[in-house]
Amino acid sequence: MAEQKEKPRKVGAMGMVPYEMALGPTWTKFFEGFKEKKILGTKCKKCGRVLVPARPFCPRCFEPMEEWVEVAQEGTIVTWSYVNYTYFGVTPDMIPVIGAIIKLDGVDCGTGMSTQIGGLDIKDFELVTKKVKVGARVKAVWRRKRQGNFRDIDYWKIIE
Amino acid sequence: MGRAVAVIGTGQTKHGRRDDLSYPDLVREAVKKVFEDAGITPKDVDGVVYGSMPSMMEGMAYNHFYFADALRVVGKPLLRTETCGSTGQSVAHTAIHWIASGMADVVLAVASEKEHEGDAQATMMTILEPFLMVTIGGAPVAFSLQSREWMGYYHIDDDKAREAASIVSVDSHDGGLKNPLAHIRVKLTKEDVSKAPIITYPVRLYDVCPTSDGACAVIFASEEKAKKICKKPAWVKGIGFRGEEYFIGDSNKAVWQSTIEASKEAYKEAGITNPLKELDVAEVYNPFSYQELMFLECLGLCPPGEAPDYVIKGTFSPGGELPCDPSGGVLCTNPIGAAGLIRVAEAALQVTGKAGEHQVEGAKLALSHAMGGAEQFNGITILGSEL
Ligand SMILES: [Zn+2]
């Protein structure tokens, strides 16, 4: 190609699509539980596992999971990470935050939904590494106003 | 596996920030190179396989429409395959299956990403449904959580894991310096890596792959065609791919079953019983240095929980028993959709002695690997210099 004096430029584009996604009966009931500060799991009659979030069917047995169980709001940290960078939709005032996977007592899986660790000075990294550990005990702290979605659990507090 | 299959040519773009080219031009750069390398023309190709990340990252729903001309697919069958980060391996496997089945003799496999046109983390946040598996932190947090789970499960000391991850990062970046096509080409010290700003603890800046633009093309052929066309083909010795259930917490990700089972399948097919001894080089998918530690174990290259020890004693470093990612790996170059196919191309370059400055001397058997999804998929392709 012959030399060209213009620097190759870019053109702006944007795609935005609203969705209406069906929760189905199981996840509807699960989130209704949140409104009443309840964490609900479902139990598989074949393998006996209790899973949270509740499942319409057992991922392993493929059987419907129709038995509802209200589970503990305390558990242990399976893993955690200290998020300290900004990315799409996250501004510097929104970090740091701590994400975690928590195994609730009596539940047969780890839960990674709505599982931010809070209730301590997260900006103090030394403090965080002292208190937040794999195996540490945590307890759910609910928002005062709940709307039946994943935001209803405000954070998980470390039990000293 | 069906009929024997070989790689008869590879082509990669210069990876990096490629605002200088439109996306079809970028794809064409890799496709042009692969035809030159293989010494054939599009007329010789029976079909094309293409893959990238999902439409959110591409700016259009079906980028293979946009690339039809750049892919030289007009008048030919096209298969599109995508599995997130493991897309490149899936694209290679689609081509391999196509030929092994006897339905095609020569297949062009292409994968690409132009991450600077969109927002990679915004896309990563749309990989999962938006109401159940709502995690914070995008892709880095998903894989940092996995690394921390691995450290917790095996009671691996923070400092020891940190040292090993730093070695992985330094080695990869040294590889990048020797690879003219790599995106990030800087000399780092262990201290640079271990003192870098925290991104998603324990992961720090140089433990994380860059945002890259790049494309990769590989031509696969049947035994008969490969022997006719190519002086030195890289033979497909074994492949393996495994997927896992959707919810991240449902299984222990420190002992990552999809990596373990996919590699076992590939080793079995390749007749490999001791991968650490038998493999000469491995292109392990390493977007995060901590994750590579876990992969080394799950790929059966060292005992569970002992990857830091092996890394610290230099087993996987240049000149070690099994050098990993001499190309610089994903830590230096991460056009996501293409990254898994780049691993295949690099493995082919190694076993055919064409890797240039980052050649592992005398490499005859190479593993390539990629993972994808929310800790959900793993794909392996093993290439060798002998049929
Ligand atoms: Zn079951």
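Reader: Which residues in H4(B) meet residues of H15(B)?

Author: In this predicted model, helix H4 covers residues 87-100 of chain B and helix H15 covers residues 336-351 of chain B, and their axes come within 5 Å. On the side of H15(B), the residues that take part are B:Gly337, B:Gly340, B:Leu341, B:Arg343 and B:Val344. Their partners in H4(B) are B:Thr87, B:Gly88, B:Gln89, B:Val91 and B:Ala92.

Reader: Are H4(B) and H15(B) parallel or oblique to each other?

Author: The axes of H4(B) and H15(B) cross at roughly 60 degrees. Angles of 65 to 115 degrees would count as roughly perpendicular, and those under 35 degrees as roughly parallel. The two helices H4(B) and H15(B) are therefore oblique.

Reader: What is the handedness of the crossing of H6(B) and H12(B)?

Author: Helix H6 (residues 138-153) and helix H12 (residues 289-298), both of chain B, pack with their axes 9 Å apart and at an angle of about 55 degrees, and they are therefore oblique to each other. The crossing of H6(B) and H12(B) is left-handed.

Reader: Which residues of H12(B) make the contact with H6(B)?

Author: From H6(B), the contact draws on B:Phe143, B:Gln146, B:Ser147, B:Trp150 and B:Met151. The residues of the contact of H6(B) with H12(B) divide into six nonpolar, three polar and one charged. On the side of H12(B), the residues are B:Tyr290, B:Gln291, B:Leu293, B:Met294 and B:Glu297.

Reader: Which residues in domain 1 of chain B lose the most area to domain 2 of chain B?

Author: Chain B is divided into domain 1 (5-120 + 212-234) and domain 2 (136-210 + 237-384), and the contact takes 44 residues from domain 1 and 40 residues from domain 2. Between them the two domains of chain B bury about 2800 Å², 66% of it on carbon and sulfur atoms. In domain 1, three residues together account for 20% of what that side buries, and they are B:Gln12, B:Gln89 and B:Ser212.

Reader: Which residues in chain A lose the most area to chain B?

Author: The contact between the chains takes 37 residues from chain A and 34 residues from chain B, and the two chains bury about 3100 Å² between them, 67% of it on carbon and sulfur atoms. In chain A, the residues that lose the most area, together 18% of what that side buries, are A:Lys10, A:Tyr85 and A:Phe88.

Definitions and conventions:
Residues are numbered from 1 along each chain as its sequence is written. Chains are lettered from A and ligands numbered from 1 in the order in which they are written. This is a predicted model: local features need pLDDT of at least 70, side-chain atom pairs count only at pLDDT 80 or more; totals for chains, interfaces and linings use all residues. Side-chain values use heavy atoms; hydrogens and water are left out. Axes are lines fitted to C-alpha atoms, for helices over the stretch in contact, and angles run from 0 to 180 degrees between N-to-C directions. Helices (H or I, at least four residues) and strands (E, at least two) are DSSP runs, numbered from the N terminus. Angles under 35 degrees count as roughly parallel, over 145 as roughly antiparallel, 65 to 115 as roughly perpendicular and the rest as oblique. Contact means heavy atoms within 4.5 Å. A crossing is left-handed if the near helix is turned anticlockwise from the far one by less than a right angle, and right-handed if clockwise. Ala, Val, Leu, Ile, Met, Phe, Trp, Tyr, Cys and Pro count as nonpolar, Asp, Glu, Lys and Arg as charged, and the others, Gly among them, as polar. Domain bounds come from an automatic or database domain assignment. Buried area is the accessible area (1.4 Å probe) that two parts lose on being put together, summed over both.
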